[in-house]
Amino acid sequence: MKVKIIYILCVLVVIQEGCRKEELNVQNPNSPTPENAKTEAGILSLALGAVYQTGFNGITDTKYSGSFLGSSFWFLAPAYHDLMADVISAEAANNITNQVSVPDYVVFDDGSKVTNSAPAKQVVRLNNSRTKAGNNMFYFEWTWMYYLNNACNLVLETVESVPFTGDAATKKNALKAWAYFWKGYAYSRIGSIYYAGLIKNESAVNSGLYRPSAEIIAESDANYNKAMEALNGISTLSDYTAVLKVLIPTQCQTGKGGALTPAMWIHTINTMKARNILANKRVKDMTAADWNNILTLVNNGVTSSDLVFTGRSASAGSFLSATTGSVAAMTTGDPTSTTYKISERLIQEYKTGDQRLANNFSKVTAYLNQKGGFTFSTRYRLLDGGNALSGVQIVSSRTVGAYELYLAATYEENELMKAEANIKLNNIAAGLASVDAVRTYQGSGITAVSGVITDQAQAYEELRRERRTALLFRNVSLYDYRRWGYLDDISAGGGRTNTVVVSSTGVVNTKATINYNFLDYWDVPDDELSLNPPVTGSAPVQNPK
Amino acid sequence: MLNSSPFFDLDWKDANGDYAYRLNASPVSINGANPNYYFQYSNGKDETVDLIQNIQAAYHINRFIDLEAKYGINYEKEDIANVYKNQSQNINAVSRSAFIGGFSSNAGGLSNTSYTTTFQNALTSATIHLDLEKDLHIKLPITATTYAAYDYRKNVFKQYTTTGDGLQLYPVYNMRQTNTQQVTVDLKRPFVTFGWLVDQAFDYGSIGGVKAGLRSDYSSAFGRGATPQTFYHGNGYLRVSQFKFWQGLSAILPEFKLRGGYGEAGIQPGAFDRYVVLSTKSIGSALAFYASNTQSNPDLRVEISKETEIGTDVTINLNKGEWFSNLGVSSTFWKRKSKDVIYAVDAPPSSGGGSYLTNAFSLSSNGFQFSLNLNVAATKNLAWDFTTTFGHQTSKIDAVSTNQDIVLTASAGSTNLVLKAGDKIGQIYGLKTFTSIEQTRKDGTQYISKADVGKYQLVNGRVVDTATRGIMFTNETFAIGDPNPKFNASFINSLRFKDFITLSFQFDWIYKNHLYNQTKEWMYRDGIHGDFGEKVTINGQTAAFSNYYISAYSDMWGSINGARNSTKDYFYEDASFVRLRNVSLAVDAARIFSIKYFQKLQLVLSGRNLWTATQYTGLDPEINAGTSNSAYERGIDHNSMPNIKTYQIGLNLGF
């Protein structure tokens, strides 16, 4: 009897075990697997997430994001550009935004000189260490853009095995165009700011071969060309549009945003390719051939009626915060409380009577920076939603859904590249006509200069000021500062003269000399180098400057 | 609040009767916030219901075999509701462009989260007893005990969170009053583990014994095809004082015991750490897929730790009287090794992901623990026991499998803590204060040139530039120290007087532990730390020079303002302390007076952390790192919650 009980118990236990091995197979019941992306709906979800989540919101590691004052790629990576290009300033030490744009020295109107005891070039390099985490300026744009690149690699690898309904070739091409376009975009940003980069076109294979920035730009162009090729393979427009309507988030399908036609998209690509040329050469080194190449591209670039790639906030399904998701939003408000503050060097570029100045800025009691940023004091406030001047461009709004962030090319940028190339090729009237067109388009109220100004240098000055103001917060300010030579040391012909600087005691200087002496191309971040060291044959990873 | 200047009145209300949110007077208190604003505009509710049910059956077959079966089910439900009211009418919040709640605008919003956990445990066990002398009539005092069990556990955790964005101005706070609603979390996490446990013990009379066993488990973290993980353990003891040769000593040393043990344990990967999935998020009106920043790893192994310890227990007879009759001394030396510790290590950014889970490193710790138990008094009226413990431990990283340094999130100044092969856990690196005019760099050269010596002065042991009044700090990083204590000790007294008063109290003493006072460093930034009122004498002038203090936050050699919030030994403090951990006094009135109906009428007064002696300048020398409960982030005080003093009054009634 007793033996039987033990026997029965044992059998029961053995049966229990046998059954429960099945139970172990819990999987993860909450989320789809990579296998689920291999359907039509799945690949669309993957392509959507690649750009707006992985690309623009991919840094979620608190080591880096814990110090964020805002959110997403758009509050920080473009901010470093605008800080170094003296469009904005910051006094918070978060992500060392307060230190990257302190010039080496300033000479005031009275001849007195203030010198920076911690040169920005030295500070950013001192912080180029993985242990410095969020303080490493070099980390962010690199990481966000390689996240974007690799997520697009995964889309390209998955798309081939997806069965589509309708015109499969068209849908596949639309998705390929999307992935190649954003890869081109990522390489463009990497090549335009880092001294060296990596070419990585397979999602699971890492590369330790660092290449000089020019090769990264060439890779950007190659990807833009593949996107164009895919767009040329679109035959059923309705199927193409159905795909685009998913890839462009609903909140962005308004204003200048929406489902671009293949032709509009090709215009954007041409403008971006022109940007690749323009951004990566000093103006003084540009040849007539360069200007002609740009002209060829921009003549088929974004037009005033084209839709372009935009970003907008939304109260649900958002990838961008209305209040913290962009440089514009974080510059908006009283300078005593905003993260970024408008620079006097931006305001001085607006021409007298420019309605865009009146519509977007108001004068406030001078905000005097006390914390070492000796050029940071400002008398201006960026307005939330503009000053209600009808027909005039609005730079910023913190209302949900109101601010339109331009992710890539715009009509104004295309037109101003056209203007610059024409001026440089001595077609001055044609060049200034483009400047006038942009001013009219943005409602500046400035009298036309085409045919009025005939001197090339004066015409270029009109263009220069227009680029600074019309392309505010459009991701080109640092490229411009670099190609105009402002970033370089004064001893090497750089710096700026005749600048407006409010001193930390409130004295307004109008003829100040600023010697920025910033790094023109950034070093590769240690976060990459220490985990993925350069293999033999790699290009130098540090700018010798 | 720690960032707010003391001259702000947090209780001030504006003309509308609202509290101000941001109280800034840049450059001070730039991050100041008013807690009253939070009370006015937010509220939260957290309710938990626990249902616990157990059934148990035991069957005593005979004197050899006992069978037992237990089954328990625990159902827990927690509901958390948070409300952030519409702040669009608050004058201060609007003018500062700031609001609380993290919703899309200053119209606030609300979130509701419900967590449910269902835990089931079934344990079937058999115990077999065998006594050689009684059962088999063998003349050996050996008893054998065999224990075998089958253990099944299943835990299902669920979370469901809904958020509503944008509340109205009228005081109705539910989902229907919000502008948009979404489900932000819908998660289910089942976890199943089961396996065998077998133990065999042999005891030889009261002289000694050995026990050895193993446990072997399957886990759902490894899926259906996995093999079980097996862990061994064993221990033994020998009471030397029970041998015949000891008899001469037993009057003085009645007990002398040697003991030792070995055990293995495993920590499994998280329920889904081995399953590769895509995360989802709604963007626009579509669903987006993306790979999460921390990648799971299908090749993760169980994290294994092995611990060995040896020790002795000794009792010493001191006195035949009522006072100091005997003393018990125990000592234990232990060593623990953990390998394949699961940790998310960094991936190169170009790989497209931030980090991935892996069996990242191995670490070892060792230490000792002594305890001493003294019978101070056992008289008719007074019983007094005294215990003291004394311990030390140290841990270090042995190796990192990916050959990289592991950077932790907790920050001390500008530098994050790093787990490095060969280093102790918690090692901090930073800039050093000049303690002499001859301060040298790592290469041995002197910072201050001979010609400039006259421009500097030693002030309170720190070199100061007499012109700027700033303290001098190196611009190279040095190892500042290991924050772990040299030893921990406790002193516990418990006294009973007659049968109506009992008193017990415990002092804890932690010696030479260190804290990086990040809280203070931030207060230095804003110039709101009390130190700024302390006078110093520089170049014959005595005043509370703010440059002297601000330099500690922002300067280093050759760079005024270039090292803001950098890690500096200035903020690395000795946090040794002695603390009255517990005190409790109980008086039973029923034993003093004869009170009708009452067997017991005891008043208990007790308190925790009532008194502390320390040189540490922060809120609490025992404060924990920014990330709570982290085994690796040690020695950092970063606006962490201090321990609280508590007082309790209790009444025990017996009828």
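How many helices and strands does chain B have? Chain B of this predicted model has six helices and 31 strands, where helices (H or I, at least four residues) and strands (E, at least two) are DSSP runs numbered from the N terminus. Residues are numbered from 1 along each chain as its sequence is written, and chains are lettered from A in the order in which they are written. Local features need pLDDT of at least 70 and side-chain atom pairs count only at pLDDT 80 or more, whereas totals for chains, interfaces and linings use all residues; side-chain values use heavy atoms, with hydrogens and water left out.

The C-alpha trace of chain B spans about 90 × 70 × 70 Å along its principal axes. Of the 655 residues in chain B, 43% are buried; buried means under 20% relative accessible area, exposed over 50%, and partly exposed in between (1.4 Å probe, protein chains only). Among the contacts in chain B with a separation of 6 or more, 65% are between residues 24 or more positions apart, a contact being heavy atoms within 4.5 Å.

The interface between the chains was examined next. In total, 88 residues of chain A are in contact with 78 residues of chain B. The size of an interface is often given as the accessible area lost when the parts come together. Chain A and chain B bury about 7,100 Å² between them, with 57% of it on carbon and sulfur atoms; buried area is the accessible area (1.4 Å probe) that two parts lose on being put together, summed over both. Two salt bridges are counted between chain A and chain B, a salt bridge being a side-chain nitrogen of Lys or Arg within 4 Å of a carboxyl oxygen of Asp or Glu. B:Asp346 forms a salt bridge with A:Arg130, and the closest N and O atoms are 2.7 Å apart. On the side of chain A that touches chain B, at least two residues each are supplied by helix H1 (2–23), H2, helix H3 (62–65), helix H6 (137–159) and helix H19 (526–529) of chain A. H1(A) gives the largest share of that side, eleven residues.

Over all chains, the count of salt bridges is 57. One of them joins the side chains of A:Arg125 and A:Asp523 (2.6 Å, N to O). A:Arg125 lies in helix H5 (residues 120–126) of chain A and A:Asp523 in the loop between strand E12 (508–515) and H19 of chain A, so this pair ties together parts 398 residues apart in sequence. A:Arg125 is partly exposed, at a relative accessible area of 24%, whereas A:Asp523 is buried, at 2%. A:Glu160 and A:Lys176 also form a salt bridge, with the closest N and O atoms 3.2 Å apart. A:Glu160 is in the loop between H6 and helix H7 (168–193) of chain A and A:Lys176 is in helix H7, 16 residues apart. A:Glu160 is partly exposed, with a relative accessible area of 45%, and A:Lys176 is partly exposed at 21%. In chain A, a network of salt bridges links A:Lys351, A:Asp354, A:Arg356, A:Arg439, A:Glu462 and A:Glu466.

Rings of Phe, Tyr and Trp (its six-membered ring) pair if their centres lie within 6.5 Å; planes under 30 degrees apart count as stacked, over 60 as edge-to-face and the rest as tilted. A:Tyr52 and A:Phe319 form a tilted pair, 4.6 Å centre to centre with 55° between the planes. A:Tyr52 is in helix H2 (residues 40–57) of chain A and A:Phe319 in the loop between strand E6 (310–311) and helix H12 (327–331), 267 residues apart. A:Tyr52 and A:Phe319 are buried. In chain B, B:Tyr524 and B:Tyr549 form an edge-to-face pair, 6.0 Å centre to centre with 80° between the planes. B:Tyr524 lies in helix H4 (residues 518–525) and B:Tyr549 in helix H5 (residues 546–554) of chain B, so the pair ties together parts 25 residues apart in sequence. B:Tyr524 is buried at 0% relative accessibility, and B:Tyr549 is buried at 5%.
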